[in-house]
Amino acid sequence: MTTALPPALSRAIELFTEPPSNPDAGKGYLDLLSGQSSAAPPRNTGFIQAVWASGIGSLLYDNAQAFARRFIGAWRTPIDWLDIPKGGIALDVGSGPGNVTAALARAAGPDGLAIGVDISEPMLARAVRAHAGPNVAFLRADAQRLPFRDDTVDAVTSLAVLQLIPEPAAAVTEMFRVLRPGRRIAVMVPTVGSVPPPLRLLASSGAHFFGEDELGDLFEQVGFGRVRTKTFGSIQWVRAERP
């Protein structure tokens, strides 16, 4: 079934609950959303999501994210804290241009696997060009319905994505489901914090600003343990472990 696929995608498909009968990775990533039925999870159709999903938006986001991770400490993914085992499997939900996915792959080592999931085709195209490799795979899939079996990954991260998902609770529940017991997750989101009131109007354009305790409480409700939150201005990291 997977002989024509790149090795990393073949390994990713082995983790699926229902592997596709005729997987197509002609674009370098596996598209699980094209032709999806009407029973698919709700989609964000707001202006902000439309911008990020466009070719120009993906370019702007790529450059802005790279700048922020290099010069703004609050944007740096806590790779060491995630404690990804050598040969382990890491999942990047809302992987965008793939920079974080590639960092997860380096932490997992050549025998490991990092999987980036996004819904934006321009973003995935950029990610494949820059970062696809023997231990890096990209999927076009919905965070609200991840394709993986229960207890399949050793680490999960998501950087500035949950605010664009129509049902964040569904996405967090999915992240909990696929994470192995005893393993760690780190998620970054914008919070209301010091966001000026005019900017909060972005919520009507498809972006959600989380309340100070909103995401941490959601993590605990889903079942995560050792939940910790840290806020830097209008950016919040939530870290936790699956019991």
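The legends below describe close-up views of a predicted model.

**View 1**
Strands of a sheet pair through backbone hydrogen bonds, either parallel or antiparallel.

**View 1. Strand E5 between its two partners.**
Strand E5 (residues 153-159) runs parallel to strand E2 (residues 89-93), and 3 bridges join the two; within this pairing, Asp92 stands opposite Thr157 of E5. E5 also pairs with E6 in the parallel sense, here over 6 bridges, and the bridge partner of Ala155 in E6 is Arg184. Strand E6 is largely enclosed by the rest of the structure, because 9 of its 12 residues are buried.

The side chains of Arg184 and Glu241 meet in a salt bridge, with a distance of 3.0 Å from N to O. Because Arg184 lies in strand E6 and Glu241 in strand E8, this pair ties together parts that are 57 residues apart in sequence.

The structure holds 8 salt bridges, among them the one between Lys27 and Glu121, whose closest N and O atoms are 3.1 Å apart. Lys27 lies in the loop between helix H1 (7-13) and E1, while Glu121 lies in helix H6 (residues 121-131), so the pair ties together parts that are 94 residues apart in sequence. Lys27 counts as exposed at 55% relative accessibility, whereas Glu121 is partly exposed, with a relative accessible area of 30%. In another salt bridge, the closest N and O atoms of Asp151 and Arg242 are 2.5 Å apart. Asp151 belongs to the loop between E4 and E5 and Arg242 to the segment after strand E8 (235-241), so this contact ties together parts that are 91 residues apart in sequence. Asp151 is partly exposed, with a relative accessible area of 32%, but Arg242 counts as buried at 15% relative accessibility. A network of salt bridges links Asp150, Glu174 and Arg177.

**View 2. Helix H5 and the residue that follows.**
Helix H5 (residues 99-108) is mostly covered, with 9 of its 10 residues buried; these buried residues include Asn99, Val100, Thr101 and Leu104. Just after H5, Gly109 takes a positive phi of about 85°.

**View 3. Ala141 and Leu30.**
Ala141 is placed in the loop between strand E4 (136-140) and E5, and at 4% relative accessibility Ala141 counts as buried. The C-alpha atoms of Ala141 and Leu30 are separated by 8.5 Å, although these residues are 111 residues apart along the chain.

Glu212 is partly exposed, with a relative accessible area of 41%.

Definitions and conventions. Residues numbered from 1 in each chain as written. Predicted model: local features only at pLDDT ≥ 70, side-chain atom pairs only at ≥ 80, totals over all residues. Heavy atoms only, no water. Buried < 20%, exposed > 50% of the residue type's maximum accessible area, 1.4 Å probe, protein only. Pairing = 2+ DSSP bridges. Helix = DSSP H or I, 4+ residues; strand = E, 2+ residues; numbered from the N terminus. Salt bridge = Lys/Arg side-chain N within 4 Å of Asp/Glu carboxyl O.
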